[in-house]
Amino acid sequence: MSRVFSACKVFMAAAKAGAKAAAPSTSGGLLKPVPVSPVMRKFLGVPEISRVDAVKKIWEHIKAHNLQDPLNRRQILCDEKLKTIFGGKDKVGMLEIAKLISPHFIKAN
């Protein structure tokens, strides 16, 4: 019985070591600051920002101005400032935000 458990310890140690080696770095991807379009720059007030921080700032604006639809909290009622970054839409869904802000992030070559 102890042979089975000792073998499991060996496999678990190998798996744990492999997981540490494959851990993603936090310096890239969604957390990496990227230059933004002039429209997004005007909305956020910064020339570059990470996608995560941009979404946080947008949500701060939404909550500060009470722009969630009271009947359907997943709908955002856009004010003039939000319409500039959301392509002029009057209403957007919560899940649309990431898709709508994507064109505002300038891809580096």
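The accessible surface of the protein chain amounts to about 7900 Å², and carbon and sulfur atoms contribute 62% of this area (Shrake-Rupley method, 1.4 Å probe; for residues, only the protein chains shown count as cover). The model is predicted: local features require pLDDT of at least 70 and side-chain atom pairs pLDDT 80 or more, whereas totals for chains, interfaces and linings use all residues. Residues are numbered from 1 along each chain as its sequence is written, and side-chain values use heavy atoms, with hydrogens and water left out.

The protein chain contains five helices and four strands, where helices (H or I, at least four residues) and strands (E, at least two) are DSSP runs numbered from the N terminus. Along the sequence these elements follow the pattern α-β-α-β-α-β-α-β-α. Of the 109 residues, 26% are buried (under 20% relative accessible area, with exposed meaning over 50% and partly exposed in between; 1.4 Å probe, protein chains only).

The largest nonpolar core comprises 21 residues, and those with the most contacts inside it are I58, I62, I76, L82 and F86. Such a core is a set of buried Ala, Val, Leu, Ile, Met, Phe, Trp, Tyr and Cys residues joined through side-chain atoms within 4.5 Å. At least two of its residues come from each of α2 (38–44), α3 (51–64), α4 (80–85) and α5 (97–101); the largest share, four residues, is supplied by α3.

Helix α3 has 14 residues and spans 20 Å from its first C-alpha to its last, close to the 20 Å expected at 1.5 Å a residue (1.5 Å times one less than the number of residues). Its buried residues are A54, I58, W59, H61 and I62. Viewed down the axis of α3, these residues fall within an arc of 155°, and they therefore line one face of the helix (the arc is that of the directions from the helix axis to the C-beta atoms). They pack against α2, β2 (48–49), β3 (75–77), α4 and α5. The face turned away from the buried side of α3 bears the exposed residues E60, K63 and A64.

Just after α3, N66 adopts a positive phi of about 50°. Q68, in the loop between α3 and β3, is buried, with a relative accessible area of 11%. The side chain of Q68 reaches the backbone oxygen of R73 at 2.7 Å. Not counting residues up to four places away in sequence, Q68 touches W59, I62, R73, Q75, I76 and M94 (heavy atoms within 4.5 Å). With the sequence neighbours again left out, I76 touches residues including W59, I62, L67, Q68 and L82.

Key: Polar contact = N/O pair within 3.5 Å; in protein donor to acceptor, adjacent residues only side chain to side chain.
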